[in-house]
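Let's take a walk through a structure together, with its aromatic residues and a pair of helices as our stops. Please have a look at the fold before reading on.

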Amino acid sequence: MVTFLPSRPGRLADVPSFHRAIGGAESNVACALARAGHTARWISRVGADGFGDHLVAAIAASGVDVSHVRRDPHRPTGVYFRTAGDRGTEAHEVAYYRAGSAASAMSVTTLDPAAIRSGRVLHLSGITAALSDDCLTLMHEVTKRHTKRHSGRGASGGASGRRRRPLVSFDVNHRPGLWRDPHDARILLDLARGADLVFVGEDEAAEAWGLTGGPDAIRAALPEPGTLVVKRGAAGAVAYDSDGRYAQPAPRAEVVAAVGAGDAFAAGFLSATFRGLPVPTRIRYGHLWAAAALTVPGDLAAPPSPALADRLAALDDTAWQRLHLGPGDLHLGPGRPDLGPGRPGQTTMAAERQAKDQEVHQAMDQEVHRA
C-alpha cells in the first residue's frame, strides 16, 4: 500500500501535508532482502491506478521480482496515513483505507499457487489475514502443514529434494485497527502455529492473546514453530529452537522514526538464516537491520553491508552492549572515518552482497530439517 508520512508532528487533524512513500510488511522485508543481495519476489495485488504504478516501480527498483503482482482494474490500491509519533504511544494515529482494496481481494484463486510455493522461504504477515475473509482463507491454506515429504534428493537440491511447501516465516504484526472484533486476533495464534519461523512482539502477544508471562510463556503457548523469536523492543529479543533459548540485548539507537523496525528485524534475521549463521548472530543481525530502520524517517532503510554487520555482530558481549548507533552509522561509504571504539568503521557497500547459491541451499536445507 501507499504510505503517507506527516510533514511535521501532530494530530492527523492538524498536519497540513504528507509525503508519499511505500509501505507494507511483506514488501518491506522483500525490499530489504533484495537490497542486501538476496533473491526476493513480492506476490500481491494492487490497483490499476497511479498509486499501484508507484508501488510496483518503487519495489522493483529495490531489486525485487514483481512479475507476479496482479493489477486489479476494479479495486484501488490501499493507502494509509500515520502520525509522526511512536506506534507505542497513545498519541500515535493510523488511518487505514484498505477496505475493498486490490490487496483485500487476494485469494487462493487470484494468486498463482506455484509462484507462492516456489521459493525456499515464504514470508507472511498477520496483517494480510485481517484484510478480508478471502485473505484469511489464503493464509490458512499457505500455512497448512503437510506431513508428507519427498524422500529423494537431487544432486543440486532441486524439486525432488524439497518438501511440499517452503519454510514458512510468519510475522504476527498485530494491528488492532484492522480487526473488526478484538477477539479475532486469536486467529493469528492459529496461523503462527502453522508456521516454521515466527516473529512476535512481547507487547503484541499480551494485547492479542493475553499472554503476559514474558517470552517463556509465549513459547509455551507456541511450541509448534521450529523457531520462535520474541521481540522485546529496546530490551532485545529472545529466540527459541529445538536446541534451546537464546537472548540478545538490542544496541542503543537514536530513533528518528519507530516504524519499519519490525520488518527490518525480520529481514535481518532471515538474511543471517540464509547464511547459516548461529541463532544468537541471527538475532544480532535482526537488531542491526532494525537499527538501520529506526535511524531513518521512512519505513524502509538500506540494510548494513554484510561486512559491517559481520563485524558488529562478532563484538563481545561488553562491546555489543556499549554499541550506540545513530543516523548514518550503519551506512558508511568508502573513505568515511572510523567512529571510534565500539562503533562501526570504514567499510564498502559492495562487500560480499550475496552468498553462493550452494551455500544458501545448504543453509536452508538445514533450517527445513530443523523445522
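Predicted model: local features only at pLDDT ≥ 70, side-chain atom pairs only at ≥ 80, totals over all residues.

Residues are numbered from 1 along each chain as its sequence is written, and side-chain values use heavy atoms, with hydrogens and water left out.

Let's begin with the rings. A search of the whole structure finds seven aromatic pairs; rings of Phe, Tyr and Trp (its six-membered ring) pair if their centres lie within 6.5 Å, and planes under 30 degrees apart count as stacked, over 60 as edge-to-face and the rest as tilted. F4 and F51 form an edge-to-face pair, because their ring centres are 5.8 Å apart and their planes stand at 70 degrees. F4 sits in strand β1 (residues 2-6) and F51 in helix α2 (residues 50-61), so this pair ties together parts that are 47 residues apart in sequence. Helices (H or I, at least four residues) and strands (E, at least two) are DSSP runs, numbered from the N terminus. F4 is buried at 13% relative accessible area, whereas F51 is partly exposed at 31%; buried means under 20%, exposed over 50% and partly exposed in between, with a 1.4 Å probe and protein chains only. Both rings belong to one aromatic cluster, formed by F4, F18, F51, F81 and Y97.

F199 and F265 make another edge-to-face pair, with ring centres 6.3 Å apart and planes at 80 degrees. Here strand β9 (residues 197-201) supplies F199 and helix α9 (residues 261-274) supplies F265, so the pair links parts 66 residues apart in sequence. F199 is buried, at 0%, and F265 is buried too, at 4%.

What does K231 touch, not counting residues up to four places away in sequence? Its contacts (heavy atoms within 4.5 Å) are D171, F199, V200, G201, E202, G236, A237, G262 and F265. K231 is found in strand β10 (residues 227-231) and counts as buried at 15% relative accessibility.

Finally, the helices. The axes of α10 (residues 279-294) and α11 (residues 306-313) come within 10 Å and cross at roughly 120 degrees. On the α10 side, the contact is made by T281, R284, Y285 and L288, and on the α11 side by P306, A309, D310, L312 and A313.

Methods. Axes fitted to C-alpha atoms, helices over the stretch in contact; angles between N-to-C directions.
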